[in-house]
Amino acid sequence: MQHTKKHIQTADGSWTYHIEGLKETYHSRHGAVTESQFVYIEAGLSFWTQNNPFSNCRILELGYGTGLMAYLSFIAAEIKKIEINYTSLEAYPISPEELRLLEYQKYFDSKKKVPNFNDFSALAWEQVNKVSPFFTLTKKKIRFEDFKASSSFDIIYYDAFGAHAQPELWEPQWMQKCYDLLAPNGVWVSYCAKGSVRRGLATAGFKVARLAGPPGKREMLRGVKA
Ligand SMILES: C[S@@+](CC[C@H](N)C(=O)[O-])C[C@H]1O[C@@H](n2cnc3c(N)ncnc32)[C@H](O)[C@@H]1O
């Protein structure tokens, strides 16, 4: 995926990348942080923790990208005081220079978290990084299609580029793979609201809910492994 990226500011002031060749952005233009928090932290992680209080949580993310969702999950783990083991898959990692241009460090300044966003971004790939007593991060440079897990997950953040840019990743076989990767009652969550994806999830065995979407998006999807 050798496309040129242009960094753009989104409606909530946070930055993201636009890929001209794919006509796609890494996050919503209506707010990169707002969307990530709404879809993945609130509708995904908070939903799961309400149903599984006091449990450790194993999260799998498709698409580490900028690391924004990983960092928001780290902050959530600190606030909620739950232990999160976070595994993120990325086929085409963003360079440290491209990450720096996003200036997420400034955006998160007020949170005063250790590590800060820049140090978090510099954590090594292909190893378990103990970020804090509540959070471990494992980044893997691999395609989701090729990933094999040694244990199951409680939540999947399915954050591939949209179906117009990457139709192959929204095919029913990958919804089935997600179902197989999740533990019972596991949660699949995405900004996507496409009918064919909803049907693929249902066919795989998920109980699927169409939820109100983040700003600029009418709906999004969440599936629970029945
Ligand atoms: C919408 S962006 C993810 C944004 C990210 N969650 C964040 O917080 O910045 C989609 C990401 O999926 C990655 N990707 C594309 N195809 C992939 C594949 N087959 N397996 C794993 N990652 C892939 C892209 O390189 C890109 O970083």
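Where does α1 bend, and by how much? The helix bends by about 35° at Ile41, the bend being the angle between axes fitted to the seven residues ending at a residue and the seven starting there. The structure is a predicted model, in which local features need pLDDT of at least 70, side-chain atom pairs count only at pLDDT 80 or more, and totals for chains, interfaces and linings use all residues. Residues are numbered from 1 along each chain as its sequence is written. Helices (H or I, at least four residues) and strands (E, at least two) are DSSP runs, numbered from the N terminus.

Helix α1 covers residues 32–51, 20 residues in total, and spans 27 Å from its first C-alpha to its last. That is close to the 28 Å expected at 1.5 Å a residue, where the expected span is 1.5 Å times one less than the number of residues.

Turning to the sheets, 8 strands make up an open sheet of mixed pairing, ordered β6-β7-β5-β4-β8-β9-β11-β10; two strands pair if DSSP finds at least two bridges between them. Each of β6 (128–132) and β10 (206–212) has a single partner strand and stands at an edge, so one side of each is left without a neighbour in the sheet. On average, neighbouring strands are turned by 20° against each other, direction ignored. Helix α2 (residues 68–80) packs on this sheet, where it touches β4 (57–62), β5 (84–89), β6, β7 (135–140) and β8 (153–158). Contact here requires C-beta atoms, placed from the backbone, within 7 Å. The direction of α2 makes about 175° with that of β5; axes are lines fitted to C-alpha atoms, for helices over the stretch in contact, and angles run from 0 to 180 degrees between N-to-C directions.

Strand β8 is mostly covered, with 6 of its 6 residues buried. A residue is buried if 20 or more other C-beta atoms lie within 10 Å of its own, exposed if 12 or fewer, and partly exposed in between, with C-beta atoms placed from the backbone. The strand runs parallel to β4, joined by 4 bridges, and parallel to β9, again through 4 bridges. Ile155 of β8 is the bridge partner of Ile59 and also pairs with Val187 in β9. Beyond its neighbours within four places in sequence, Ile155 contacts Gly44, Leu45, Trp48, Cys57, Ile59, Gly186, Val187 and Val189. Strand β9 (residues 182–190) in turn runs antiparallel to β11 (residues 219–225), with 4 bridges between them, and Val187 has Val224 as its bridge partner in β11.

The largest nonpolar core holds 57 residues, of which Ile59, Ile155, Ile156, Tyr157, Cys178, Trp188 and Val189 touch the most other members. Such a core is a set of buried Ala, Val, Leu, Ile, Met, Phe, Trp, Tyr and Cys residues joined through C-beta atoms within 7 Å. Helix α1 gives the most to this core, with 9 residues.

Lys225, in strand β11, is buried, with 21 other C-beta atoms within 10 Å. Leaving out residues up to four places away in sequence, its contacts include Tyr179, Leu182, Pro184 and Phe206. Arg218, in the loop between β10 and β11, is exposed, with 8 other C-beta atoms within 10 Å.

Methods: Contact = placed C-beta atoms within 7 Å.
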